Amino acid sequence: MPGKVLVLGGAGYVGSHCCRAFSEAGWDVTVFDNLSTGWRDLVRWGKLIEGDLNSPGDIEAAFSAIKPDAVAHFAASTLVGESVTEPGKYYRNNTFTTLNVLDAMQRHNTRAIIFSSTCAIFGHAQTEFLAEDHPKNPINPYGMSKLMVEQMLAGFDHAHGIRSACLRYFNAAGADRQALTGERHACETHLIPLALKGAYDPGYSFTITGTDFDTPDGTALRDYIHVEDLAEAHLLALNALEQGAPSNAFNLGTGRGTSVAEIVDAVERERAGACPARSDRAALATPPV
Ligand SMILES: O=c1ccn([C@@H]2O[C@H](COP(=O)(O)OP(=O)(O)O[C@H]3O[C@H](CO)[C@H](O)[C@H](O)[C@H]3O)[C@@H](O)[C@H]2O)c(=O)[nH]1
């Protein structure tokens, strides 16, 4: 039976889509978010508790008020490039904060957590398809901050019986088809929104980051998964944990790579050639695949 789920970072892009899926499946949703990158108006399913995961007091108050049966944890800093220049922010906001959450879960006997992990824990791809047991060698602090959480979760299961589902996303894309929520970043860095901006905003000059990678067309390959498919996967994981499933980790992608140039071509087709792209040198810490 669906119970109460506390959704950390539920005012953000993936989190808000998952809140909708949880709520429609009967879960009683409460969002906990500091609104640093999330949006109040995207909290449409369940109420909002404004709080900071860096504050054990805020977390304790939320757990005492809600007494959640499960936690879904989306709150994180997610900019790979920034993680290279500001590693402390990533270990603090992604790793340390999750320790605060796990301490509260232990105190309140909350025994299930879904964790937003990332394919960045793998680093450079050694095989065409990345299976769950692919070697984990993150090449930036963002990936490392998430891998450390995966390891912490294993330890908390072993010691305290807190079961987890680590969901490692490839590139989330798209939006809720009814436009009840969507992708909105104050500082947009993602390829698809920026390529579209290049097509629709004459004042914006879109840049392809890297054209000399060892890939079929020289631009970076990514696996784009629709955010509604991600939401469905989170719901399946939440229900499975609620029914007693053991801890597990899953890679969430389509298994199909799309290059940056292919995305730009698709946008140009849509806009009849109106996406002038400039090329740039490959960014540090950006893997080709
Ligand atoms: O203006 C742009 C923006 C992006 N890119 C390129 O497009 C590809 C996709 O870039 P995104 O920023 O959309 O996504 P990333 O793969 O860089 O990052 C994604 O995967 C990361 C983990 O590797 C994090 O999880 C991050 O939040 C998530 O968006 C990359 O090769 C990037 O260099 C461009 O060429 N031009």
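Student: Why are α1 and α7 called oblique to each other?

Tutor: Keep in mind that this is a predicted model. The axes of α1 (residues 13–24) and α7 (residues 227–242) cross at roughly 55° and come within 8 Å. Angles under 35 degrees count as roughly parallel and 65 to 115 as roughly perpendicular, so α1 and α7 are oblique. The crossing is right-handed.

Student: Which residues make that contact?

Tutor: From α1 come Tyr13, Val14, His17, Cys18, Ala21 and Phe22, and from α7 come Val227, Leu230, Ala231, His234, Leu235 and Leu238. By class, ten are nonpolar, two are polar and none is charged.

Student: What makes α4 and α5 roughly parallel?

Tutor: Their axes cross at roughly 15°. The cut-off is under 35 degrees, and therefore α4 and α5 count as roughly parallel. Here too we have a right-handed crossing. The contact includes Tyr90 and Leu102 of α4 and Met148 and Phe156 of α5; by class it has 13 nonpolar, six polar and two charged residues.

Student: How do you know whether Thr110 is buried or exposed?

Tutor: Its relative accessibility is 1%. Buried means under 20%, so Thr110 counts as buried. Thr110 sits in the loop between α4 and β5, where it touches Phe63, Pro68, Asp69, Ala70, Val71, Met105 and Ile162, leaving aside residues up to four places away in sequence.

Student: What lies 3.1 Å from a polar atom of the Thr110 side chain?

Tutor: That is the backbone oxygen of Pro68.

Terms used
Residues are numbered from 1 along each chain as its sequence is written. This is a predicted model: local features need pLDDT of at least 70, side-chain atom pairs count only at pLDDT 80 or more; totals for chains, interfaces and linings use all residues. Side-chain values use heavy atoms; hydrogens and water are left out. Helices (H or I, at least four residues) and strands (E, at least two) are DSSP runs, numbered from the N terminus. Buried means under 20% relative accessible area, exposed over 50%, partly exposed in between (1.4 Å probe, protein chains only). A polar contact is a pair of N or O atoms within 3.5 Å; within protein, one must be able to donate a hydrogen and the other to accept it, and residues adjacent in sequence count only if both atoms are side-chain atoms. Contact means heavy atoms within 4.5 Å. Axes are lines fitted to C-alpha atoms, for helices over the stretch in contact, and angles run from 0 to 180 degrees between N-to-C directions. Angles under 35 degrees count as roughly parallel, over 145 as roughly antiparallel, 65 to 115 as roughly perpendicular and the rest as oblique. A crossing is left-handed if the near helix is turned anticlockwise from the far one by less than a right angle, and right-handed if clockwise. Ala, Val, Leu, Ile, Met, Phe, Trp, Tyr, Cys and Pro count as nonpolar, Asp, Glu, Lys and Arg as charged, and the others, Gly among them, as polar.
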